[in-house]
Amino acid sequence: MTIADANQISDRIVAAVHNDDDIEDILDALVVVFTFFVSTLDCPHCRKQAIRALKLSLAGMLTRANAAAARRVAPGERAQTCH
Ligand SMILES: [Zn+2]
């Protein structure tokens with residue numbers, strides 16, 4: 001699996017999501033999908049490694065998500081917060 005392979009699959013997943021789907025529902029669904037595919041790994045060590053890899057990616061995920069969100073905010077506008 002290459003990054004290009006992963007990007008092609010993620011593009012197909014994003015294309016399957018509808019614009020009017022609730023973002024929290026989408027995030028919950030992605031967790032369900034991740035869990036399902038981890039469960040399809042035959043080896044328990046590989047399942048554990050997949051979960052460990054997800055944990056390790058979380059800090060970088062927040063950094064990339066914040067950067068992507070900042071790019072969507074128009075210059076001079078403040079990012080919207082709900083808390
Ligand atoms: Zn294994």
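**Domains**

Domain bounds here come from an automatic or database domain assignment. For this chain, that assignment gives domain 1 (1–39) and domain 2 (43–70). The centres of domain 1 and domain 2, taken over C-alpha atoms, are 14 Å apart.

**Basis of the model**

The model is predicted: local features need pLDDT of at least 70, side-chain atom pairs count only at pLDDT 80 or more, and totals for chains, interfaces and linings use all residues. Residue numbers run from 1 along each chain as its sequence is written.

**Secondary structure**

The chain has three helices and zero strands, in the order α-α-α along the sequence. Helices (H or I, at least four residues) and strands (E, at least two) are DSSP runs, numbered from the N terminus.

Helix H1 covers residues 3–16, and its 14 residues reach 20 Å from first C-alpha to last, close to the 20 Å expected. The expected span is 1.5 Å times one less than the number of residues in the helix. Helix H2 (residues 23–39) has 17 residues and should span 24 Å, which agrees with the 24 Å between its end C-alpha atoms.

**Burial and overall dimensions**

A residue is buried if 20 or more other C-beta atoms lie within 10 Å of its own, exposed if 12 or fewer, and partly exposed in between, with C-beta atoms placed from the backbone. Buried residues account for 0% of the 83 residues in the chain. The number buried in H1 is zero, so H1 lies largely in the open; H2 likewise lies largely in the open because its number of buried residues is zero.

The chain has a radius of gyration of 16 Å, whereas a compact globule of 83 residues would have one near 12 Å. This radius is taken over C-alpha atoms, and the globule rule is 2.2 Å times the number of residues to the power 0.38. Along the principal axes, the C-alpha atoms fill a box of roughly 50 × 30 × 25 Å.
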